[in-house]
Amino acid sequence: MAVRKICVFPGDGIGKEVMREALAVLKELEGLSDRCRFETEEELVGGAAIDEHKVPLTDRGLSLARSSDAILLGAVGGPKWDDLPFEVRPERGLLALRRELDMYANLRPAKVFAPLIDASPLRREIVEGIDLMVIRELTGGLYFGKPRGIQMIDGVETGINTEVYTRPEIERVARVGFDMARKKGGRLTSVDKSNVLESSVLWRRVVTGIGAKEYPDVPLSHILVDNCAMQLVRNPRQFDVMVMSNLFGDILTDEASMITGSIGMLPSASLGGKVAMYEPIHGTAPDIEGKGIANPLAMILSAGMMLKYSFDMLREAAWIEGAVEQVLADGYRTADIWREGGGTKVGTVEMGERVREAVRKISQKG
Ligand code: NAD
C-alpha cells in the first residue's frame, strides 16, 4: 500500500498536546489496517516558528506542506505573541498556508454525539440526530476584496472593505457543496443576502446554474443569511449541507458548532488545492495549556476527516468516529464536557488511550 506523507504542524499551546494523541491514533491504525501506512514530518508554525525563525511560516514549512499528501495542524497563537505587528503574528502563518495552497473550501461538520446531547445549549428535541456540514468559502469575499483600509475621505476617517466574488470562485465552492450533498444523499442549502448585495445576487445565480446543469439530482434551496441564523437555532435539523461566503461562513460556522455543545469536539477540513489541511476549530487555549486536561477529540476527529477526504479510507475514518462515540458512551469526559455526576473525568492522554482502545475493538469487529 502507498505510504501517505503527512505534514504535521502541532503549533502552539494545547495544539501540541492534542496533536500527540491524534498521531498516536494514526500509529495505532497502522497496526490494524494494512491500508494505513503513514510517514509524518513535523514543522514549526505560528508562535513556535516566530520564536525559532522570526517568521510564523518558514519556506521549509511551506514547501513541506506543498509536497505532502495532507496536512494536520494543531492551533496557533497565544498571549506571548499578541503584541507583535499584524503582519508577523502567528495567525499569519495559518492564513499564508491557506492562501498559498489555495484551500478555498472550509468544511465544518456539526454532529451531535448522542451521549453529549445534554452539553448542547439547545433543548434535546431540537438537537437530537443533527449531522450537518457547513462549507465556508475561505479565500475570497470581504476578507480579501479591494479596496480596503482606513483612510480620510472628505476629511472624515473612513474604514473600507469590499465584498468581491467572481463566477469561478463561486462555481468551485458550489461544486464542493453539491458533491458533498450528493455523497451524503442529502440536499444543499446556499446562504446569501441577495435582497441587498450584488455579490449575493451573482452567488445565487451561479449556484442555481451549476445545480441545474451539473447536479440536477441534488435538491437545492436558497436562504437569506439573517433568516438562516435564526433557523439554525430554531430548527437546525432542516439543514443538511450548507454553502456560503467567507464572511457569512465565519459567523454561521461558529453558531452551528455551538449547537453540538463543546468547542473541544469539533474538527474541520480546508480543501481545494492539491493538498488539504485538517485542524480542530478551537485555538491554543492558553488558560489550560500544560495542565494535561485539553480535549483531544476534535484533533483526533480531524485526523479522521483526513482519512476520509484525502485518503479515501472510509472504513478507518468510521472506526475513529465510532471510537469517539464509544468512549463518550462509556462515560469518559475531559473537563470541558464533564458535568457533576456525569461520567469519569479524564485528562488528554487518558482520553487518547481510551480512543485507541476503542479503535482496536471496533476494528476487530470489521
Ligand atoms: P480557544 O479556542 O483557544 O479557547 C476558548 C475556550 O475554550 C478556552 O476556555 C479554552 O480553554 C477552551 N478550549 C478550547 N479548546 C479546548 C479543548 N480542546 N479542550 C478543552 N477546552 C478547550 O480560543 P481563544 O481563547 O479565543 O484563543 C486563544 C488563542 O488561540 C489566541 O491566540 C487565538 O488567536 C488562537 N486561535 C487559534 C486558532 C487556530 O489556530 N485555528 C483558532 C482560534 C483561536
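**Domain interface and ligand surroundings**

In this predicted model, the centres of domain 1 and domain 2, taken over C-alpha atoms, are separated by 26 Å. The contact between the two draws on nine residues from domain 1 and eleven residues from domain 2. As for the bounds, the domain assignment of the protein chain places residues 1-104 together with 266-366 in domain 1, and residues 121-260 in domain 2.

The interface can be described first by area. Between them, domain 1 and domain 2 bury about 940 Å², and carbon and sulfur atoms account for 69% of this. On the domain 1 side, the residues that lose the most area to domain 2 are Tyr104, Leu266 and Tyr309, which together make up 59% of what that side buries.

The rule finds one salt bridge across the interface of domain 1 and domain 2. Two residue pairs are counted in polar contact between the domains, both at pLDDT 80 or more. By class, the side of domain 1 that touches domain 2 consists of six nonpolar residues, one polar residue and two charged residues.

Attention now turns to the ligand. There are 20 residues around the ligand, and those that come nearest are Val76, Glu91, Gly283, Ala285 and Asp287. This shell divides into nine nonpolar, seven polar and four charged residues.

For Thr284, a backbone N or O atom is 3.0 Å from an oxygen atom of the ligand. His282 takes part through its side chain, where an N or O atom is 3.3 Å from a nitrogen atom of the ligand. In terms of area, the ligand taken alone exposes 800 Å², of which the protein buries 68%.

Terms used. Residues numbered from 1 in each chain as written. Predicted model: local features only at pLDDT ≥ 70, side-chain atom pairs only at ≥ 80, totals over all residues. Heavy atoms only, no water. Domains from an automatic or database assignment. Contact = heavy atoms within 4.5 Å. Buried area = accessible area lost by both parts, 1.4 Å probe. Salt bridge = Lys/Arg side-chain N within 4 Å of Asp/Glu carboxyl O. Polar contact = N/O pair within 3.5 Å; in protein donor to acceptor, adjacent residues only side chain to side chain. Nonpolar A, V, L, I, M, F, W, Y, C, P; charged D, E, K, R; others polar. Near = heavy atom within 4 Å. Areas by Shrake-Rupley, 256 points an atom, 1.4 Å probe, with all protein chains shown as cover.
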